[in-house]
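Please look over the sequence and the model shown below before reading on.

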Amino acid sequence: MNAPANNPWVQEDLQNGWTKREDVVAEPPQELDFVLDSMGISRSYIDVKPAYWNQDKTFVDADGNPDTPATLGYYHNKMIPTSGTIIAEANYSPKFKAPNQPLPPLNRWSDIVWLSWVAEAGSDASNLILILRSNIITQLTRDVLEDIHSARPDDLQLPWPGKAYDPRTTKEGKAILATSHGQGVAYLLKDHSDVLGRRVPVARVFTVAGGAVDGSEGALDDDFDGDLDDGDDFDDDDFLYYYILWELRDVGSPPLKEMF
């Protein structure tokens, strides 16, 4: 029997300071076309559901103070329920954007992306199997990924399908899971084991030169206490963007050697 959910958030909580953008193109980033096609993940505008949430309104904080100023944090992600996939595109937490002011009670990436997933997937929410963290520019995460691959300089460029790391069997997998781009996924799985069952996130790391057109994965805050560098968007075609594809495997599944 699966454990009950570990957080209380419901869709109505998004009304406290958050606004959903409705002007978003319903398609994945173009630089991911070859990745999604190779995995059989739909790129159809019918199947791709944007969930772009901006913390751009005043809110009632945890102490009950009304009209607390907006933090201007935002979580921009796309749901593909027909393929059991979430694509995390550009995410900057309220704490990162406004570190010295009160935060909205609902402020973690893992909580907001789960509410977005349930809203789009409905009764198929348990079918979530992949979370793709795109265009990672947060320096602490990049430091970990570059350190893992620095023994072989050629490995700094990891064209798809990249390399897989299982946290159950490799120190590299554990290190990647401990980054801010892994912790949010871990929190989501822990908090929603009642729906998803007991899962372990296995990382596949790959790179794309030039990266995204419309934004990057900046610093998150899922109870991550490290010092996070400001995540500026890059437009240098030579900049190497990292991606982490998390495959959500059953805890009892065999340790992973290679996904493909």
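## Terms and basis

A residue is called buried when its relative accessible area is under 20%, exposed when that area is over 50%, and partly exposed in between, with a 1.4 Å probe and protein chains only. The model is a predicted one, in which local features need pLDDT of at least 70 and side-chain atom pairs count only at pLDDT 80 or more, while totals for chains, interfaces and linings use all residues. Residues are numbered from 1 along each chain as its sequence is written, and side-chain values use heavy atoms, with hydrogens and water left out.

## The sheet and its helices

Helices (H or I, at least four residues) and strands (E, at least two) are DSSP runs, numbered from the N terminus. Two strands pair if DSSP finds at least two bridges between them. Eight strands form an open sheet of mixed pairing, in the order β1-β2-β3-β4-β5-β8-β7-β6. Its edge strands, β1 (19-20) and β6 (163-165), each pair on one side only. Helix α3 packs on this sheet, where it touches β1, β2, β3, β4 and β5 (130-136), and its direction makes about 35 degrees with that of β3. A contact requires heavy atoms within 4.5 Å; axes are lines fitted to C-alpha atoms, for helices over the stretch in contact, and angles run from 0 to 180 degrees between N-to-C directions.

The pairing of β1 with strand β2 (residues 49-54) is antiparallel, over 2 bridges. In it, T19 stands opposite N54 of β2. Helix α4 (residues 139-149) lies across β5, β6, β7 (199-209) and β8 (240-250), at about 85 degrees to β8.

## Salt bridges

The structure holds 12 salt bridges, each a side-chain nitrogen of Lys or Arg within 4 Å of a carboxyl oxygen of Asp or Glu. One of them joins E89 and K78, with the closest N and O atoms 3.3 Å apart. Because E89 belongs to strand β4 (residues 85-92) and K78 to strand β3 (residues 74-80), this pair ties together parts 11 residues apart in sequence. Both E89 and K78 are buried.

D111 lies in helix α3 (residues 109-121) and counts as buried because its relative accessibility is 5%. Leaving aside residues up to four places away in sequence, D111 touches N7, W9, L106 and D191. A salt bridge links D111 to R108, at 3.3 Å between the closest N and O atoms; R108 is also buried, at 13% relative accessibility.

K190 and D191 meet in a salt bridge of 2.9 Å, N to O. K190 is partly exposed at 45%, whereas D191 is buried at 2%. Through shared partners, salt bridges join R108, D111, K190 and D191 into one network.
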